[in-house]
Amino acid sequence: DVDGSGSIEFDEFYLLVCILVAIKDGEQKQFLAKHSRTCFELLDEDGSQTLTVSEFETFGFVFGFSKRSTRSVWKEHDVDGSRTLDYEEFRMFCL
């Protein structure tokens with residue numbers, strides 16, 4: 001439930017199933033690289049065109065990151081120091 005609505009919409013369900021299949025097949029990085037825009041848009045809960053650390057943490061489970069690890073990876077990719085990730089910074093993470 002990425003948007004916190006209390007239910008899982010089709011696009012959230014579809015993304016989850018695709019991620020789970022990618023994880024099962026060991027293809028999560030390839031999946032992210034190929035579908036980075038879609039993943040970014042689903043994680044951007046407030047529509048700000050940026051990801052906060054809490055929005056990014058929603059995604060950490062894909063790589064088995066702990067909350068601490070997720071924050072570390074997020075800081076590493078916040079190149080401009082804005083305390084948010086724009087799409088280009090998120091895309092660098094996905095590659």
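Lys67 is exposed, because its relative accessible area of 56% is over the 50% cut-off. Please keep in mind that this is a predicted model. Lys67 sits in helix H5. Its C-alpha atom is separated by 6.7 Å from that of Glu57, a residue 10 positions away along the chain.

Now for a contrasting residue. Is Gly60 buried or exposed? Gly60 counts as buried, because its relative accessibility of 4% falls under the 20% cut-off. Gly60 lies in the loop between H4 and H5. Setting aside neighbours within four places in sequence, Gly60 is in contact with Phe65 and Thr70. Between the C-alpha atoms of Gly60 and Val73, which are 13 residues apart along the chain, the separation is 9.4 Å.

Here are the two C-alpha pairs side by side.

| Pair | Apart along the chain | C-alpha separation |
|---|---|---|
| Lys67 and Glu57 | 10 residues | 6.7 Å |
| Gly60 and Val73 | 13 residues | 9.4 Å |

Let's step back to the whole fold. The protein chain has six helices and two strands, and from the N terminus on their order is α-α-α-β-α-α-β-α. The C-alpha trace spans about 35 × 30 × 25 Å along its principal axes. How does the radius of gyration fit with a compact globule? A compact globule of 95 residues would have a value near 12 Å, and the protein chain has 13 Å, so the two agree. Among contacts with a separation of 6 or more, 48% join residues 24 or more positions apart.

What about the interior? Of the 95 residues, 37% count as buried. The largest nonpolar core holds 21 residues, and those that touch the most other members are Phe31, Cys39, Leu51, Phe56, Phe59, Phe90 and Phe93. Two or more residues of this core come from each of helix H1 (10-24), helix H2 (28-34), helix H3 (36-43), helix H4 (53-57), helix H5 (67-77) and helix H6 (87-94). Helix H5 is thus also the element where the exposed Lys67 is placed. In soluble globular proteins, nonpolar side chains tend to be buried together.

Terms used:
Residues numbered from 1 in each chain as written. Predicted model: local features only at pLDDT ≥ 70, side-chain atom pairs only at ≥ 80, totals over all residues. Heavy atoms only, no water. Helix = DSSP H or I, 4+ residues; strand = E, 2+ residues; numbered from the N terminus. Rg over C-alpha atoms; globule rule 2.2 N^0.38 Å. Buried < 20%, exposed > 50% of the residue type's maximum accessible area, 1.4 Å probe, protein only. Contact = heavy atoms within 4.5 Å. Core = buried A, V, L, I, M, F, W, Y, C linked by side-chain atoms within 4.5 Å.
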